[in-house]
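Please read them with the structure open.

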Amino acid sequence: RCRTWPGRTTLAAVWSRRIPSWDIDEVVENSKKAGLLALVAVAEHSGEFEKIIELSKRFPGFVFPCLGVHPVQQISPEQQRGASVQDLDAALPVIEKYKDHLVAIGEVGLDFTPRYVNDESDKESQRQVLIRQAQIAKELDLPLNVHSRSAGRPTIHLLKKQGVQKALLHAFDGKPSVAMEGVKAGYFFSIPPSIIRSDQQKLVKQLPLENICLETDSPALGPEKQVRNEPKNICISAEYISKIKGVSLEEVMEVTTQNALRLFPKIKSAIRP
């Protein structure tokens, strides 16, 4: 069982679109009991945007929306493909409509996993979608929530080339040496509960605590495979980071909370004490 710290706060990223509506109240209540201060609900495609906005209205001051087009788009339960400019075109009007409510643009990025990429044109399509969303984030002065599976180095290089200064690379699977390029650019890296069974342990050893945030990526990337993850499990990330870094759990929670509030300043001004 995870420990909670009365009076302490932390932040989680929750992909709440995939949490069944019938138990969302329980999920939110469990999150609060675990000591979470806020949840960032992150989208993957335009079809989820309105649902996430409604969640943020249903739980004001606790659930905050992040809208964007993911580099992998689902055609059917069995088929996925890389994102296209057409996917972004469908999303832009909704992002414009709710721009004042957003705390970030995301989930965006690159995914060069072979099953999603057939040739260089597929990669270029993803790049164009990411470039445009990076421009939108800069125009709105918002951070980017970034996916970079099998594309760590090209993602960080593209972000730097586009002049992106505020970015959170979630569940980063690249080499620690590549991640350090992101650290030099001022980017943050968020760690999910799956760290207890993943190669991210090597990453955490090298990342400065000042560049680490916590996430759950609910309902994926939990401590156990094929078991639904929830935001309350964010404390597992914190506890494991404290062991790897050799610092107290209290310090991990304090520093990662301050990191998240710097990255998402809109949350700091909106959260309820």
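The points below run from the whole chain to single residues.

1. **Ground rules.** This is a predicted model, in which local features need pLDDT of at least 70, side-chain atom pairs count only at pLDDT 80 or more, and totals for chains, interfaces and linings use all residues. Residues are numbered from 1 along each chain as its sequence is written, and side-chain values use heavy atoms, with hydrogens and water left out.

2. **Overall build.** The chain holds 10 helices and 10 strands. Both are DSSP runs numbered from the N terminus: helices are H or I of at least four residues, strands are E of at least two. The C-alpha atoms occupy a box of roughly 50 × 40 × 35 Å along the principal axes.

3. **Burial and contacts.** Of the 273 residues, 56% are buried. Buried means under 20% relative accessible area, exposed over 50%, and partly exposed in between (1.4 Å probe, protein chains only). Take the contacts between residues at least 6 apart in sequence: 70% of them join residues at least 24 apart. Contact means heavy atoms within 4.5 Å.

4. **Surface and charge.** The chain exposes about 12400 Å², and carbon and sulfur atoms supply 49% of that area. The areas come from the Shrake-Rupley method with a 1.4 Å probe; for residues, only the protein chains shown count as cover. There are 37 positive and 33 negative side chains, with the centres of the two sets 4 Å apart. Lys and Arg count as positive, Asp and Glu as negative; His and the chain ends are not counted. Each charge is placed at NZ of Lys, CZ of Arg, CG of Asp or CD of Glu.

5. **Strand β3.** How many residues of β3 (residues 63-67) are buried? The count is 5 of the 5, so the strand is largely enclosed by the rest of the structure. Val63, Pro65 and Leu67 point one way, Phe64 and Cys66 the other. Strand β2 (residues 36-42) runs parallel to β3, joined by 4 bridges. Two strands pair if DSSP finds at least two bridges between them. Val40 has Phe64 of β3 as its bridge partner.

6. **Leu67.** This residue of β3 is buried, with a relative accessible area of 0%. Val103 lies 36 residues along the chain from Leu67, with 8.8 Å between the C-alpha atoms.7. **Strands β6 and β7.** β6 (residues 104-109) and β7 (residues 144-147) pair in the parallel sense over 4 bridges. Ile105 stands opposite Leu144 of β7. On β7, Leu144 and Val146 point one way and Asn145 and His147 the other, and all are buried.

7. **Cis peptide bonds.** Most residues other than glycine have a negative phi, and most peptide bonds are trans. Check the bond between Gly106 and Glu107, which is cis with omega about 10°. Glu107 belongs to β6. The bond from Ser218 to Pro219 is also cis, with omega near 5°. Pro219 sits in the loop between β10 (212-214) and α8 (234-245).

8. Is Asp217 buried or exposed? Asp217 counts as buried, at 6% relative accessibility. Leu221 lies in the loop between β10 and α8 too, and has a positive phi of about 55° although it is not a glycine. At 28% relative accessibility, Leu221 counts as partly exposed.

9. **Leu203.** Helix α7 (residues 200-206) holds Leu203. Relative accessibility is 3%, so Leu203 counts as buried. Setting aside residues up to four places away in sequence, Leu203 touches Phe172, Pro176, Ala179 and Ile191. Ser242 is 39 residues from Leu203 in sequence, and their C-alpha atoms are 14 Å apart.
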